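Have the model open as you read.

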Amino acid sequence: MDHDIVISGGGIAGLAAAAAFGNAGFDVLCVDPAPPVTDRDAEGADLRSTAFLQPARDFLEAAGLWQRLEAHAMPLQIMRIVDAGGDRPEARVTRDFNAGDISDRPFGWNLPNWLLRREFTAHLDGMARVTYRPGTATTSLFTRAAEARVGLSDGTRVRTRLVIAADGRNSPMRQAAGIGVHTTRFGQKALAFAVTHPIPHENVSTEVHRTGGPFTLVPLPDHQGRPSSAVVWMEQGPRAQELLEMDAPAFEAAMTERSAHVLGPLTLASRRTIWPIISQEATSLYGERLALVAEAAHVMPPIGAQGLNMSLKDVSALLDLATARPDALGDADMLASYHRRRIVDIRARIAGIKALNLTSMASTPALRDLRAKGIEALHGLTPVRTALMQLGLGAAGR
Ligand SMILES: Cc1cc2nc3c(=O)[nH]c(=O)nc-3n(C[C@H](O)[C@H](O)[C@H](O)COP(=O)(O)OP(=O)(O)OC[C@H]3O[C@@H](n4cnc5c(N)ncnc54)[C@H](O)[C@@H]3O)c2cc1C
């Protein structure tokens, strides 16, 4: 056997999986056709940020990765939900969910994705059991009960006990195994970029709802001496495209209005990137000698910081099974157990986020009023508020 594990995909999920399995003593090959872009201002840099919730942080700590990230992470102490769905784009209902009500730790810690790539790839460089090969893609998959053979774009073929597909929403390995998906399209796109603002964020993550989808500001460290946040702005596709192409002053005016002025006038502090919004789940999380993780298995709108946190739960579940019985790595029982452990949580979260997205898209005044009332009502009921916060912390389904 050439490697215990081949990971197809070196996105954040694939790189984290490589570090975690290497750390547990497995021999790992991780390949990705794209070179990692590790500089914020370079073309192709991933300008999204990821809010890691508590279980994800615990996982990264155990994998030896958190130690590299801690100094760059912004703690998220309060999640603020603002409804600005009235006639004018002004905050009419504001409710805070404070992590201090349920735990002595923050909800999560936010980090820019380009920085995660930089730190994860640097970490892998120092790992003797991990080979990371950017510039190489997986091209074919042939499996038997005892092993998988993976074709690579350099013309070679490697033999392995387990293939982990972390190769994104169009996962070539998932397709090679003939595993289908259920996809929902919302007609929305998300713009992701960074801003600076005069009012400090004070570790508050703010979600402003009006129409088209949420506008979310997540704290980042100061940028050039000014308070800074990462923004995800969801809108109907044509409107999002228009915003992407607007000149900077017009865009800044539009986003400041859409943010209901919660942090004062917003200044654009990076390029704008655009992401199609879909919800998607694979019909099965495994095939012969193959496990699907992260977006290869599930995609959802970027609401409530679920996507990558769920991805790390996938990797964590696989790792638990692999370390419990290393000799059974990649066999049919292990992979069926993996599917059973994860599928209920994945389906529940996809359904929940889909519902939240449809609520946030509400365009008629009546529906918007209903949403504002809903936010007030949910916040007013202490047990419901606590349960929602625990769900946000990733506690449910663990
Ligand atoms: C705007 C936005 C904001 C988000 N914010 C958050 C957040 O705050 N918190 C959170 O938890 N989640 C968030 N998410 C979700 C999160 O970004 C995704 O869940 C996560 O990036 C998925 O990672 P991935 O590794 O599965 O996919 P990708 O990042 O798409 O990585 C897949 C990789 O596979 C590679 N690949 C493709 N084909 C091959 C091949 N043949 N061989 C090998 N490799 C291949 C690609 O080059 C790519 O590098 C957000 C998503 C969006 C769109």
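Of the 398 residues in the protein, 46% count as buried, meaning that 20 or more other C-beta atoms, placed from the backbone, lie within 10 Å of the residue's own. Before going further, please note that this is a predicted model, in which local features need pLDDT of at least 70 and side-chain atom pairs count only at pLDDT 80 or more, while totals for chains, interfaces and linings use all residues. Residues are numbered from 1 along each chain as its sequence is written.

The protein has 11 helices and 20 strands; these are DSSP runs numbered from the N terminus, with at least four residues (H or I) for a helix and at least two (E) for a strand. Its radius of gyration is 21 Å, close to the 21 Å that the globule rule gives for 398 residues, so the protein is as compact as a globular protein of that length. That radius is taken over C-alpha atoms, and the rule is 2.2 Å times the number of residues to the power 0.38.

Now for the domains, whose bounds come from an automatic or database domain assignment. Domain 1 covers 3–69 + 113–183 + 278–358, and domain 2 covers 79–110 + 188–276 + 375–392. Their centres, taken over C-alpha atoms, are 28 Å apart. Domain 1 brings 15 residues to the contact and domain 2 brings 22, where two residues are in contact if their C-beta atoms, placed from the backbone, lie within 7 Å. On the side of domain 1 that touches domain 2, strand S3 (49–53) and helix H2 (54–62) each give two or more residues. S3 gives the most, with 4 residues.

Conventions. Buried ≥ 20, exposed ≤ 12 C-beta atoms within 10 Å, placed from the backbone.
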